[in-house]
Amino acid sequence: MNNFVRLTAKIAECGELRFTPSGIPVLNLLLKHESWQIENGQQCLVKFDIPARLIGNQAELWQYRINDMVEVEGFLTQKSLKYTKTVLRIQNIKEYKG
């Protein structure tokens with residue numbers, strides 16, 4: 001099965017940097033996407049916000065980058081065993097140059 005997402009979006013919100021019990025940095029983000037897509041031969045304006053989580057050393061680098069356009073790659077999963085809302089777990093992130 002495949003579960004791979006590549007998305008260009010703006011960082012709309014950055015949560016507070018926190019650390020797991022083993023000292024790994026974790027940063028929760030809210031990404032805002034807007035684009036025109038083709039659906040059934042017609043142009044369609046697509047807008048959505050998606051919560052995302054960045055784990056590891058890159059979390060520290062992106063904690064103050066609100067309003068930056070980024071390209072992210074990762075996978076979708078539920079937030080936790082208890083909370084089943086979808087979250088994008090970011091594996092790669094880079095500044096989007098357009």
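A: Start with pLDDT, the predictor's confidence in each residue, from 0 to 100. Helices (H or I, at least four residues) and strands (E, at least two) are DSSP runs, numbered from the N terminus. This is a predicted model, where local features need pLDDT of at least 70, side-chain atom pairs count only at pLDDT 80 or more, and totals for chains, interfaces and linings use all residues. Residues are numbered from 1 along each chain as its sequence is written, and side-chain values use heavy atoms, with hydrogens and water left out.

Q: Which elements have the lowest and highest mean pLDDT?
A: Helix H1 (residues 57-61) has the lowest, at 94. Strand S1 (residues 5-14) has the highest, at 98. For the protein chain, the mean is 96, and 100% of residues reach 70 or more.

Q: How many helices and strands are there?
A: The protein chain has 1 helix and 6 strands. From the N terminus, the order is β-β-β-β-α-β-β.

Q: And what does the C-alpha trace span?
A: About 50 × 30 × 20 Å along its principal axes.

Q: Let's pick a residue. Where is Leu31 found?
A: In strand S3 (residues 25-39).

Q: Is Leu31 buried or exposed?
A: Buried, because its relative accessible area is 0%. The cut-offs are under 20% for buried, over 50% for exposed and partly exposed in between, with a 1.4 Å probe and protein chains only.

Q: What is Leu31 in contact with?
A: Contact means heavy atoms within 4.5 Å. Leaving aside neighbours within four places in sequence, the partners of Leu31 include Ala9, Ile11, Phe48, Ile50, Val72, Leu88 and Ile90. Lys10 and Asp49 are also among them.

Q: What about the largest nonpolar core, how many residues does it have?
A: It has 18 residues. Such a core is a set of buried Ala, Val, Leu, Ile, Met, Phe, Trp, Tyr and Cys residues joined through side-chain atoms within 4.5 Å. Leu29, Leu31, Val72, Leu88 and Ile90 have the most contacts inside this core. S1, S3, strand S4 (42-55), strand S5 (69-78) and strand S6 (86-95) each give two or more residues to it. S1 gives the most, with 4 residues.

Q: Back to the whole chain. How much of it is buried?
A: Buried residues make up 31% of the 98 residues.

Q: And what share of contacts join residues at least 24 apart?
A: The share is 53%, among contacts between residues at least 6 apart in sequence.
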